[in-house]
Amino acid sequence: MIIDTHVHIGTGLGFHMTEDDVLYSLDKYGIDYAIVSNTEVASHDHERNPIPKELQKSQIECLERSIKFAKENPNKIGIMHWVKPMEDITAELRNLIESNLDIIKALKFHPYHAGCAFTSEKSRKYIDLAAEYNLPVVSHTGTGYDDNPMRLFEMAKIYTKTPFVMVHLGLGSDNKEAIELCSKRDNLYGDTTWVSTKSALEFIKKCGDDRLLFGSDSPIDGKDTYLNNGKGDRSLYQEYWGEFKTEISKETYDKIMYKNAVNLFKINL
């Protein structure tokens with residue numbers, strides 16, 4: 001069994017990722033369940049310039065699309081609500097979350113595309129919301145200040161009962177800082193999105209095998225992201241299904257590929 005905890009739908013930021021692309025990739029590559037977030041929530045582009053307001057979508061609109069997708073594909077799709085820190089937490093948003101807690105598995109942050117630090121007051125009001133609903137917090141991490149793994153570490157020390165997932169383990173880095181930080185907090189998790197199997201093995205060595213989750217960013221490189229990088233080069237994820245499997249025990253492999261996700265996100269299959 002495989003659960004992909006980091007899958008997307010959405011048009012914008014140079015990407016066009018559809019529900020059909022997701023379903024195609026899950027079926028073709030044997031993924032049993034995916035947790036999906038909608039990239040259209042982003043308020044800043046790849047250069048961190050604000051996206052014109054007339055081109056932005058509200059988080060309500062984006063969440064409704066994700067919920068529709070999950071409801072149309074029960075036992076196949078769960079969702080993370082990608083929050084928009086610049087927006088207030090409205091009664092409408094609360095009602096939408098409360099009425100769909102069976103399919104909403106976490107709150108998702110992307111400090112880079114939100115234009116504000118993970119530790120900012122704008123972000124913290126949504127971390128409070130996650131804690132209120134007993135939901136894990138999942139965030140992109142990179143090498144800048146706003147999205148640095150250290151920002152998640154700082155929040156994990158404050159919100160000790162909330163699990164935090166460091167997506168990418170510091171994208172663009174050698175992952176060492178993120179792994180070291182995860183080793184210091186039991187409520188810090190990592191995911192494998194664009195993380196080498198070498199770093200995954202190092203994570204297991206330092207942090208154990210209970211806090212690493214399989215994730216991919218699919219279908220960011222097209223509907224065959226699991227196979228190649230869009231240019232024809234072999235996908236990193238082929239290593240996770242091939243060489244990586246031979247380097248660890250079956251018990252550890254199963255934890256990373258699905259059991260840890262089942263436990264953290266309370267997935268009923």
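**View 1. Asn-73 is a buried residue.** Asn-73 has a relative accessible area of 16% and counts as buried. Buried means under 20% relative accessible area, exposed means over 50%, and partly exposed lies in between (1.4 Å probe, protein chains only). Asn-73 sits in the loop between helix 2 and strand 4 (77-82). Helices (H or I, at least four residues) and strands (E, at least two) are DSSP runs, numbered from the N terminus. A polar atom of the Asn-73 side chain lies 3.0 Å from the backbone oxygen of Phe-69.

This is a predicted model: local features need pLDDT of at least 70, side-chain atom pairs count only at pLDDT 80 or more, and totals for chains, interfaces and linings use all residues. Residues are numbered from 1 along each chain as its sequence is written, and side-chain values use heavy atoms, with hydrogens and water left out.

**View 2. The whole chain, for orientation.** The chain has 11 helices and nine strands. Its radius of gyration is 17 Å, close to the 18 Å that the globule rule gives for 269 residues, so the chain is as compact as a globular protein of that length. The radius is taken over C-alpha atoms, and the rule is 2.2 Å times the number of residues to the power 0.38. The C-alpha trace spans about 50 × 40 × 35 Å along its principal axes. Of the 269 residues, 57% count as buried.

**View 3. Arg-65 pairs with Glu-19.** The structure holds 14 salt bridges. A salt bridge is a side-chain nitrogen of Lys or Arg within 4 Å of a carboxyl oxygen of Asp or Glu. In the bridge between Arg-65 and Glu-19, the closest N and O atoms are 2.7 Å apart. Arg-65 is in helix 2 (residues 59-72) and Glu-19 in helix 1 (residues 19-29), so the pair links distant parts of the chain, 46 residues apart. How accessible are the two partners? Arg-65 is partly exposed at 24% relative accessibility. Glu-19 is partly exposed too, at 21%.

**View 4. Glu-40 also meets Arg-65.** These two side chains form a salt bridge, 3.1 Å from N to O. Glu-40 lies in the loop between strand 3 (33-38) and helix 2, while Arg-65 is in helix 2, so the bridge ties together parts that are 25 residues apart in sequence. Glu-40 counts as buried, at 10% relative accessibility. Which residues make up the network of salt bridges here? Glu-19, Glu-40, Lys-57 and Arg-65 are linked in it.

**View 5. Asp-209 bridges to Lys-255.** The closest N and O atoms of this salt bridge are 3.0 Å apart. Asp-209 is in the loop between helix 8 (197-207) and strand 9 (212-213). Lys-255 is in helix 11 (residues 250-265), and the pair links distant parts of the chain, 46 residues apart. Are Asp-209 and Lys-255 buried or exposed? Both are buried.

**View 6. The largest pocket.** This pocket holds about 220 Å³ of space. Of its 17 lining residues, the closest to the centre are Phe-15, His-110, His-113, Asp-217 and Ile-220. On a 1 Å grid over the protein atoms alone, a pocket is an open set of points with protein on both sides within 12 Å along at least five of seven lines, and lining residues have an atom within 4 Å of a point. Strand 1 (3-12) and strand 2 (15-17) are the elements that give two or more residues to the lining.

Key
1 Å grid on protein atoms, 1.4 Å probe; cavity = no way out; pocket = protein on both sides within 12 Å on 5 of 7 lines; lining within 4 Å. Points joined across faces, edges and corners; volume = space filled by probe spheres on them. Polar contact = N/O pair within 3.5 Å; in protein donor to acceptor, adjacent residues only side chain to side chain.
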